[in-house]
Amino acid sequence: MKPAINNDTKDWLIENPIDGSIFVRVESGKVFLGGKEHHLGNCDPFWIEVPEFYLALTPVTNAQYQKYLIATQSDPPVKKDSGKTLWTGTEIPEELLDHPVVNVSWLEAKRYCEWAEARLPTEFEWERAAKGEAQSTFPWGSEWEEDWVRNDKNRALETTASVWSYPEGCSHWGHYQMIGNVWEWCEDSFDEAAYRYYSKGKQPPLDSNPLKVTRGGSWFNVSVESFHSGFRFGFPHDESDFHYGFRLALDP
């Protein structure tokens with residue numbers, strides 16, 4: 001359920017007047033990284049300080065993306081979602097308006113960010129929002145709860161779900177669906193060995209890498225590992241698919 005912004009919430013909730021995204025302030029602090037999560041390169045665990053930032057409560061929805069398409073006269077996502085076409089021009093079925101937009105590449109997500117005067121989160125920010133300073137496996141703790149996440153085992157004949165569904169699976173900060181529903185693009189380029197560099201205070205040589213980080217797993221995934229808060233993957237920056245989405249970040 002979309003929260004109201006009032007005198008009791010305005011210190012930690014803000015709304016983007018351009019696309020309507022609601023952002024939650026994530027306080028500065030440390031996040032625990034590394035270990036044996038997939039694509040961390042089995043580096044030694046380490047802590048890193050993440051400055052304060054704002055992260056959208058939910059992924060960008062079809063309704064928000066529709067507003068962007070109309071405002072910028074951009075082309076709608078063209079791939080098909082599990083056998084059916086979602087968009088007809090800038091129109092999409094009403095029942096999908098509050099679902100996360102899919103079939104959006106990293107490049108397209110960046111164009112949306114430019115229009116919305118926002119940005120994609122870094123993967124450190126994403127993980128800080130997903131688990132705070134806890135060393136937990138999932139946003140809510142260490143035990144897997146299949147029914148708290150949209151995944152391939154509980155979706156029945158559907159694909160994505162409303163971005164306001166599965167409130168039991170919210171993160172420490174209150175963000176919805178940090179895992180499940182759609183993979184979320186991050187700002188960073190992807191390298192399997194990146195965390196070995198980061199753990200030593202170095203930057204990996206990623207400037208020309210077309211692979212970009214995705215986090216969180218999706219409705220299409222069945223492996224529990226895909227939904228670990230520390231699980232990271234990479235897809236080509238110009239690739240779009242029916243289980244890729246994104247959410248926005250802002251500087252304070």
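Good morning. What covers the buried residues of α2 includes α1 (62-72), β6 and β7 (211-215); contact here means heavy atoms within 4.5 Å. Helices (H or I, at least four residues) and strands (E, at least two) are DSSP runs, numbered from the N terminus. The model is predicted, so local features need pLDDT of at least 70 and side-chain atom pairs count only at pLDDT 80 or more, while totals for chains, interfaces and linings use all residues. Residues are numbered from 1 along each chain as its sequence is written, and side-chain values use heavy atoms, without hydrogens and water.

Which residues of α2 are buried? Within this helix, residues 106-116, they are Trp106, Ala109, Tyr112, Cys113, Trp115 and Ala116. Buried means under 20% relative accessible area, exposed over 50%, and partly exposed in between (1.4 Å probe, protein chains only).

I turn now to backbone angles. Glu117 follows α2 and has a positive phi, near 55°. Gln73, in the loop between α1 and α2, also has a positive phi near 55°. Is Gln73 buried or exposed? Gln73 has a relative accessible area of 73%, and therefore counts as exposed. Gln177 has a positive phi near 55° as well and lies in the loop between α3 and β6. With a relative accessible area of 4%, Gln177 is buried.

Finally, the loop between α3 (123-131) and β6 (183-189) also holds Glu168. Glu168 is partly exposed because its relative accessibility is 44%.

Thank you.
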